[in-house]
Amino acid sequence: MPPIPGSGLAKGLAVTLRTMTRRTVTAQYPDAQPELPPRSRGVIGLFEENCTVCMLCARECPDWCIYIDSHKETSPPAAPGGRERSRNVLDRFAIDFSLCMYCGICIEVCPFDALFWSPEFEYAETDIRDLTHERDKLRDWMWTVPEPPALDPGAEEPKELAAARKTAEKLDAQRAQEAQRAQEEQAEQAAQAEQQRDQEGQA
């Protein structure tokens, strides 16, 4: 059936009339803070303890706005005869938000979950040079990161949890075997001691 001539115009006018009759509500920012969606991309927070200075985020950043400096430290061997281990220590982690295009590649490629999206958005500056934020500021933004949403009831268990549960079950089984072995040894020692006492009594 061909459309009725002018039906599109009538629909558009109906939408306009419905909108005109509604009451407009203006949020009085900054007195009233906006309700942001849970996956808002505000700024990037840094969880410094997880950063291993792998430089993957800085290499993958299309804008080259991440600056990382580090040095190596050598730790003594854990056991005698072992070898010394070296590790990278983070000296500087900064992001220039005047260059950042909020693509989120750095967060996606981080293999150790050191970078997170924060919904914080009030970080305007009067000087563009002040938009380069160091790790202290990025760490402060880390505490504004919301909790991750709960998994669906039918979702698969994360691989990390499954691996941790298997490891814990193995440790529990080993401890139970060791405890049972210790009980058997104690019972055997008690039986031997009783047998020895009987032999001494007969002698």
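Trainee: What is the relative accessible area of Cys54?

Mentor: This is a predicted model, so local features need pLDDT of at least 70 and side-chain atom pairs count only at pLDDT 80 or more, while totals for chains, interfaces and linings use all residues. Residues are numbered from 1 along each chain as its sequence is written, and side-chain values use heavy atoms, with hydrogens and water left out. Buried means under 20% relative accessible area, exposed over 50%, and partly exposed in between (1.4 Å probe, protein chains only). Cys54 is partly exposed, and its relative accessible area is 33%.

Trainee: How many disulfides does a search of the whole structure find?

Mentor: A disulfide is a pair of cysteine sulfur atoms within 2.5 Å. The sulfur of Cys54 has its closest cysteine sulfur in Cys110, at 6.1 Å, too far for a bond. For the sulfur of Cys65 the closest is in Cys61, at 3.6 Å, also too far. The disulfide count for the whole structure is zero.

Trainee: Does Cys65 count as buried or exposed?

Mentor: Take its relative accessibility. The value for Cys65 is 3%, so this residue counts as buried.

Trainee: Which residues does Leu99 touch, not counting those up to four places away in sequence?

Mentor: Leu99 sits in the loop between strand 3 and helix 3 (105–109). Helices (H or I, at least four residues) and strands (E, at least two) are DSSP runs, numbered from the N terminus. At 42% relative accessibility, Leu99 counts as partly exposed. Contact means heavy atoms within 4.5 Å, and on that basis Leu99 touches Asp63, Cys65 and Tyr67.

Trainee: The structure holds seven aromatic pairs. How do the ring planes of Tyr29 and Phe121 make that pair count: stacked or tilted?

Mentor: Rings of Phe, Tyr and Trp (its six-membered ring) pair if their centres lie within 6.5 Å; planes under 30 degrees apart count as stacked, over 60 as edge-to-face and the rest as tilted. The centres of Tyr29 and Phe121 are 6.2 Å apart and their planes meet at 35°, so the pair is tilted.

Trainee: How many residues apart in sequence are the parts that this pair ties together?

Mentor: Tyr29 lies in the loop between helix 1 (7–21) and strand 1 (43–46). Phe121 lies in the loop between strand 4 (115–118) and strand 5 (132–133). Tyr29 is partly exposed at 44%, and Phe121 is partly exposed at 34%. The separation of the parts they tie together, in residues, is 92.

Trainee: Which residues do ring pairs link into a cluster?

Mentor: Start with Phe97 and Tyr102: centres 6.2 Å apart, planes at 25°, so the pair is stacked. Phe97 is buried at 5%, whereas Tyr102 is partly exposed at 24%. The cluster is Phe97, Tyr102, Trp117, Tyr123 and Trp141.

Trainee: What is the strand order of the open sheet?

Mentor: Two strands pair if DSSP finds at least two bridges between them. Strand 2 (residues 66–75) and strand 3 (residues 85–96) run antiparallel, joined by ten bridges, one of them between Ser70 and Leu90. Strand 3 also pairs with strand 5 in the antiparallel sense, over two bridges: Ile95 with His133 and Asp96 with Thr132. The open sheet of three strands has the order 2-3-5.

Trainee: What angle does the direction of helix 4 make with that of strand 3?

Mentor: Helix 4 (residues 135–142) packs on the sheet, touching strand 3 and strand 5. Axes are lines fitted to C-alpha atoms, for helices over the stretch in contact, and angles run from 0 to 180 degrees between N-to-C directions. The angle between helix 4 and strand 3 is about 85°.
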